[in-house]
Amino acid sequence: MTQAIASAVVHDLIGIGFGPSNLALAIALEERGQVQGPLDVLFLDKQADYRWHGNTLVSQSELQISFLKDLVTLRNPTSPYSFVNYLKAHGRLVDFINLGTFYPCRMEFNDYLRWVASHFAAQSRYGEEVLAIEPVLHLQQVEALRVISRDSHGQHHVRTTRSVVVSAGGTPRIPTAFKALKDDSRVFHHSQYLASMAKQPRVSSQPMRIAIIGGGQSAAEAFIDLNDSYPSAHVDLILRGSALKPADDSPFVNEVFAPQFTDLVYQQNTAERERLINEYQSTNYSVVDIDLIERIYGIFYRQKVSGVARHVFRSLTSIENAVADGQGIKLALCNTASGELSEQHYDAVILATGYDRQLHRHLLAPLAEYLGDFEVDRDYRIVTDARCKASIYMQGFCQASHGLSDTLLSVLPIRAEEISASLYTHDKQHKQNSVAVERLLATAI
Ligand SMILES: Cc1cc2nc3c(=O)[nH]c(=O)nc-3n(C[C@H](O)[C@H](O)[C@H](O)COP(=O)(O)OP(=O)(O)OC[C@H]3O[C@@H](n4cnc5c(N)ncnc54)[C@H](O)[C@@H]3O)c2cc1C
Ligand SMILES: NC(=O)c1ccc[n+]([C@@H]2O[C@H](COP(=O)([O-])OP(=O)(O)OC[C@H]3O[C@@H](n4cnc5c(N)ncnc54)[C@H](OP(=O)(O)O)[C@@H]3O)[C@@H](O)[C@H]2O)c1
C-alpha cells in the first residue's frame, strides 16, 4: 500500500457523506458562521460527484414530500438556498407554479441539491470513501478524531478533526438467499437500478424475464419503469405481503413528521418510542404512493382484458433459494398461504428490499470503547464516556430515539440548526480546554 496522505490541518468538523443531511448542515453552519465566526468544516463523499440516489432517478419518480420541506425553508424561508430560489435562478418559477404541484419530480429535486452542493465546492471532496474514524489520544483522552478515507485511485488520506457528523445514509439490504450471488451482475439492489439495467444483455425479439423482490415504493417504481421503458420486459412482482399497501400521508398522520414530534418521541422511554415508530411505519416502510398503486392495478387489469399476461403479481410469496444456472437465475418460491413450492427462471432480479442503517457502527468501530451502545442526546451527539472530548454526531441513524423523520427530508433544516448550535457550544469548550490537539498532531502524523 502507498503511504497515506496526511493533512496537518485540524478541522473543527468533518462530515461523512454529503447528501441532503450534511448539505442542510453546511447551510446552517454558513448562516451561524456569519454571526459567531466560521468553523473549519470539510465534507467527504464517496460518489464521484453529487447525486441524490442517482441510479433510481427514473422519469416517473416524484418527491414524496412537499418541496417546501427543502434544505432551508422550515428554518429560514428567506435563505438563498430554497427550492423556490433554485427555480427562480433557473428561470422556471412561473412554469413550476403552473404545474400546480407540491411534488416535483425527483430528477428536478436532484438538480436542486446539486445546485446547492455547487455553492459548497470549497468545503467538499468527492470520490473519497471514509473507511474508519479513529481516536487521537492524549493522556488517555480522545482529544480529536482521525478520519481515514480512500480516494478513487486507491490512495488513502488521513485527516484530523475535533468533531465528526456521520450522515452516510442507508446501506442496500440484501436478503440471505441472494448473498452468494452478490458478484452476479444479473442480481442487483434497486439502488443500482439504472446502471445495472443498462448493462443487461438484450436479445432482440426475446422477452426479458425480470423479477422484482419487494412491495415498497422502490419496487413499485421499478415495475412502472420496466413496464413503460422496456417493452420486452416481462416482470414478476414478488412480495411477501398479500397486497401493495398505500403510504399514509393524510394530514393528521403527517404531523408525525413535524419538528415538534421529534421532541415528543425523544421524551418517551424506549418501549414507548418503539411503539410510536411501529404505529406509524405505514407512512414510510413497505408502502407505495396510492397513485402508483392505482396505475399498477390498472396495468394488471388491462392484461386481464387483453388476455396477454405480460407481468405476474406474486403476492404472499417468499424466496426460499436463489442460484445461477444455464437458464438464468433460478428462484425457488413458496406461496406462504398454500405452502405450494415452485421454481422460476429470470434474466435479472431486482432487490427492492430496502435499506439497513448500520454503517455508523462500522465506521466508528475503532472508538467502540468510548461509545457504549450509540445512545444519542437530543442534539444528535453520541453519548460518550468522559474520556472522549471529541464530538460525534449522527444524522439518519437516530430513528429509534428521534422518530421516523430521521431517515427522511422532513426536518432537515431544523435538525441542522440543532446540530450546528450544539457544535458551536462544544467546539468552543473543547478549544478552551484543549490547547494540546495541534501540538499533539505535530507528533502524531
Ligand atoms: C430512492 C429513494 C428516494 C427517496 N425519496 C425520498 C423523498 O422523496 N422524500 C423523503 O423525505 N425521503 C426520501 N428518501 C429517503 C432518503 O433517505 C432521504 O431523502 C435523504 O436522501 C437522506 O439524506 P442523507 O444525507 O441522510 O443520506 P443520503 O442521501 O443517503 O446521503 C448519504 C451520502 O453519504 C455518502 N456516503 C455513504 N457512505 C460513505 C462513506 N463511507 N464515505 C463517504 N461518503 C459516504 C453517499 O455517497 C451519499 O451521498 C428516499 C430514499 C431513497 C432510497
Ligand atoms: N419516489 C420516492 O420518493 C421514493 C422512491 C423509492 C424509495 N423511496 C423511499 O425510500 C425508502 C425505502 O423504500 P424501499 O421501497 O426501498 O424499501 P422499504 O419500504 O423498506 O420496502 C422494502 C420491501 O422489501 C421487502 N423485503 C425486505 N427484506 C426482504 C426479504 N428478505 N425477502 C423478501 N422481501 C423483503 C419488504 O417486505 P415486507 O414488507 O414483507 O417486510 C418490503 O416490501 C422509503 O423511505 C421510501 O419512501 C422514495
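Is L68 buried, partly exposed or exposed? In this predicted model, L68 is partly exposed, because its relative accessible area is 39%, a value between the 20% and 50% limits for that class. The points below place this residue and then treat pockets, cavities and salt bridges.

**Surface and selected positions**

- L68 is located in the loop that runs between β3 (41-45) and α2 (83-89).
- Together with F102 and Y103, L68 makes a nonpolar surface patch of about 280 Å².
- R150 belongs to strand β6, which spans residues 141-151, and R150 counts as partly exposed at 33% relative accessibility.
- Between the C-alpha atoms of R150 and V116 there is a separation of 25 Å, while the two residues are 34 residues apart along the chain.

**The second largest pocket**

- This pocket has a volume of about 300 Å³.
- Its lining consists of 13 residues, and I296, Y297, F300, K304 and F313 are those that lie nearest its centre.
- Helix α10 (residues 290-306) contributes the most to this lining, with 7 residues.
- Sorted by class, the lining of the second largest pocket holds 9 nonpolar, 3 polar and 1 charged residues.

**Enclosed cavities**

- Rolling a probe the size of a water molecule over the atoms shows where empty space is left.
- The structure has 2 cavities of 30 Å³ or more.
- The largest cavity has a volume of about 50 Å³, and its lining is formed by V256, F261, V265, L276, I277, Y280, G403 and L404.
- Helices α8 (259-267) and α9 (270-279) each provide at least two residues of the lining of the largest cavity.
- In the lining of the largest cavity there are 7 nonpolar residues, 1 polar residue and no charged residues.
- The second largest cavity holds about 40 Å³ of space, and it is lined by P259, T262, R378, Y380, V411, I414, R415 and E418.
- Both α8 and α14 (412-433) supply at least two residues of the lining of the second largest cavity, with α14 giving the most, at 3 residues.
- The lining of the second largest cavity is made up of 4 nonpolar, 1 polar and 3 charged residues.

**Salt bridges**

- Side chains of opposite charge can pair when their charged atoms come close.
- A search of the whole structure finds 25 salt bridges.
- One of them joins R32 to E417, with the closest N and O atoms 2.9 Å apart.
- Because R32 lies in helix α1 (residues 20-36) and E417 in helix α14, this pair ties together parts that are 385 residues apart in sequence.
- R32 counts as buried at 17% relative accessibility, whereas E417 counts as partly exposed at 27%.
- R32 and E417 also belong to a network of salt bridges that links E31, R32, R75 and E417.
- R378 and E418 meet in a salt bridge of 3.1 Å, N to O.
- R378 lies in the loop between α12 (368-371) and β19 (391-394) and E418 in helix α14, so the pair ties together parts that are 40 residues apart in sequence.
- Another salt bridge pairs R387 with D385, the closest N and O atoms being 2.6 Å apart.
- R387 is partly exposed at 31% relative accessible area, and D385 counts as partly exposed at 26%.

Key. Residues are numbered from 1 along each chain as its sequence is written. Chains are lettered from A and ligands numbered from 1 in the order in which they are written. This is a predicted model: local features need pLDDT of at least 70, side-chain atom pairs count only at pLDDT 80 or more; totals for chains, interfaces and linings use all residues. Side-chain values use heavy atoms; hydrogens and water are left out. Patches are made of residues with over 30% relative accessible area and no salt bridge: like charges are joined within 9 Å, nonpolar side chains (Val, Leu, Ile, Met, Phe, Trp, Tyr) within 5 Å. Accessible areas come from the Shrake-Rupley method with a 1.4 Å probe; for residues, only the protein chains shown count as cover. A salt bridge is a side-chain nitrogen of Lys or Arg within 4 Å of a carboxyl oxygen of Asp or Glu. Helices (H or I, at least four residues) and strands (E, at least two) are DSSP runs, numbered from the N terminus. Buried means under 20% relative accessible area, exposed over 50%, partly exposed in between (1.4 Å probe, protein chains only). On a 1 Å grid over the protein atoms alone, a cavity is a set of points where a 1.4 Å probe fits but cannot get out, and a pocket is an open set with protein on both sides within 12 Å along at least five of seven lines; lining residues have an atom within 4 Å of a point. Grid points are joined across faces, edges and corners, and a volume is the space filled by probe spheres set on the points. Ala, Val, Leu, Ile, Met, Phe, Trp, Tyr, Cys and Pro count as nonpolar, Asp, Glu, Lys and Arg as charged, and the others, Gly among them, as polar.
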